[in-house]
There are 2 protein chains.
Amino acid sequence: MSIIQNDFQRWTADKQQRIETLLDSILPPVEIAPQRLHGAMRYAVLGRGKRIRPLLAFAAGELAQADVERVAIAAAVTELVHAYSLVHDDLPCMDDDVLRRGKPTCHVEYDEATALLCGDALQSLAFQLIADYRLADEPAAQLEMVKLLAIATGSRGMAGGQAIDLESIGKNLSLLEVEAMHIHKTGALIRAAVLFGARCGNSLDDEQFGQLDRYAQCMGLAFQVVDDLLDAESTTATLGKTAGKDAGNNKPTYVSLLGLSATRDLALSLRGDALDALGSFGAQATRLREIADYIVLRKF
Amino acid sequence: MSIIQNDFQRWTADKQQRIETLLDSILPPVEIAPQRLHGAMRYAVLGRGKRIRPLLAFAAGELAQADVERVAIAAAVTELVHAYSLVHDDLPCMDDDVLRRGKPTCHVEYDEATALLCGDALQSLAFQLIADYRLADEPAAQLEMVKLLAIATGSRGMAGGQAIDLESIGKNLSLLEVEAMHIHKTGALIRAAVLFGARCGNSLDDEQFGQLDRYAQCMGLAFQVVDDLLDAESTTATLGKTAGKDAGNNKPTYVSLLGLSATRDLALSLRGDALDALGSFGAQATRLREIADYIVLRKF
């Protein structure tokens, strides 16, 4: 990354700082009982995350001319859910990982029971935020956001994707099956983050919302494709989490199915589709376009 | 229990059947992927639970003259959350229990990872229901229910109570500390169940709502006091879950702090307080009074 920040890098840094400050103020203080649980929640959420989901929410909020204070809360909701999913995924009965964002995973730093409850409580807190703040002009729109998040996290969303992932270990999945797994496991929450940002505003008509949704779905999948690439190519030190884990776990990935070169082509193709979906939007979609590049071309 | 059912027993059986049928229709079918996860969710929820929380919701709904179809959904929400909490509580890193409702616990019947995801997805589903159905005349009232449930399940509610419980093992807690633990761990969701039923109607004024809330809080605590009694007095066969577990785990309970006799007195005293709180209500509170008796005087 160049020392001289460009406009997108400044925007990203500003939004990352904003979401960090907001999450810090939203999470229960460690001084309040149960202190160990609150400590674990803060440990799991605060720190060095890339905040991709919040960035997507902010960018979609700009497209929909949404109030940025509202979008910030919606963005925090998606990050709380993301953090909860990482804490549970890292548990010994799941991926059994010890390193996350360059630090010991939550159950290593605390203990398994605290990590379990930490994830549970972060999920509750995410829903609490949607109900606790004014995120849209109408309460009915906020209820829609509750529904959207619940579906994105549930058995036909993120949790379901994890279940499919577990069942897939050691199996020969087709490309379509791998894609279906990732649409649930990673894509659903990324899609929800984009739609959350847009729902905080009200300037998009149904057709525009559909186009944004198509962008969101392409990004959800592209993110995982690039994750597979990074997992295959990177070292643990640069990745901040255990590298080469998928191959070690005998998990089917895009790289194992397609090879490195075709996986790179797929990521670029999804980026193209995402940009096409934004074709009818003007400068208000600039950040969304830049994030598409950031996600697909990211290096750590 | 007498062979001839009295009116309350018929009401209870009717509501238990109703909630069973509703939960069966709400839970994703096992034929839909991810099948193993959906199977675990159904296994964890359907079957022989006493459905205390739904019964409380139905009874409070009658007090508030709420539409019974709406109350049934609200009741199902509370039972989904209760089932999720049991699945996570039974995990090896928590209470490590193998028997629940007379059957193998979810992680024994399936596996730990599936049980973890099962609980996660049940929590999502509970929030989804609140947003998916019309439970109150105004969406704002439903958002209030989202908030109520989120707080009741979060780090200052059920999950927090579990965390305090874990920290308490082997420690000498005071009676006040044990009470604070149970108010969070068990009481918060029982209280939410009562308030959910009432929120589905709109016939209670603020003062009446406050009286109902006092009843709910007494019941939440009474339930745990009686649970401690049963755990100390019963056998595993009659209890349907591992008996004597608390003493074996060196957990502070009402019985270990007060002894059997004073614990019985406390349960009866809480029942008295709960009935007092309903003093200004007439026949519409009959079911709530009967449930107070049922909870405090129950034998299995």
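The radius of gyration is taken here over C-alpha atoms, and the globule rule used for comparison is 2.2 Å times the number of residues to the power 0.38. The structure is a predicted model.

**Exercise 1.** Determine whether the radius of gyration of chain A agrees or disagrees with that of a compact globule.

*Solution.* For 300 residues the rule gives a radius of gyration near 19 Å, and because chain A has 18 Å, the value agrees with that of a compact globule. The C-alpha trace of chain A spans about 50 × 45 × 40 Å along its principal axes. Buried residues account for 54% of the 300 residues in chain A, and its secondary structure consists of 15 helices and two strands.

**Exercise 2.** Work out how chain B is related to chain A.

**Exercise 3.** Describe the side of chain B that touches chain A.

*Solution.* Begin with the count: 44 residues of chain B are in contact with 44 residues of chain A. On the side of chain B that touches chain A, α2 (35–45), α6 (112–132), α7 (139–153) and α8 (158–168) of chain B each supply at least two residues, and the largest share, 15 residues, comes from α6(B). By class, this side has 26 nonpolar, 12 polar and six charged residues. Finally, 100% of the interface residues of chain B are also interface residues in chain A, so the copies meet through the same surface.

Notes
Residues are numbered from 1 along each chain as its sequence is written. Chains are lettered from A and ligands numbered from 1 in the order in which they are written. This is a predicted model: local features need pLDDT of at least 70, side-chain atom pairs count only at pLDDT 80 or more; totals for chains, interfaces and linings use all residues. Copies are superposed by least squares on the C-alpha atoms of residues with pLDDT of at least 70 in both. Two residues are in contact if their C-beta atoms, placed from the backbone, lie within 7 Å. Helices (H or I, at least four residues) and strands (E, at least two) are DSSP runs, numbered from the N terminus. Ala, Val, Leu, Ile, Met, Phe, Trp, Tyr, Cys and Pro count as nonpolar, Asp, Glu, Lys and Arg as charged, and the others, Gly among them, as polar. A residue is buried if 20 or more other C-beta atoms lie within 10 Å of its own, exposed if 12 or fewer, and partly exposed in between; C-beta atoms are placed from the backbone.
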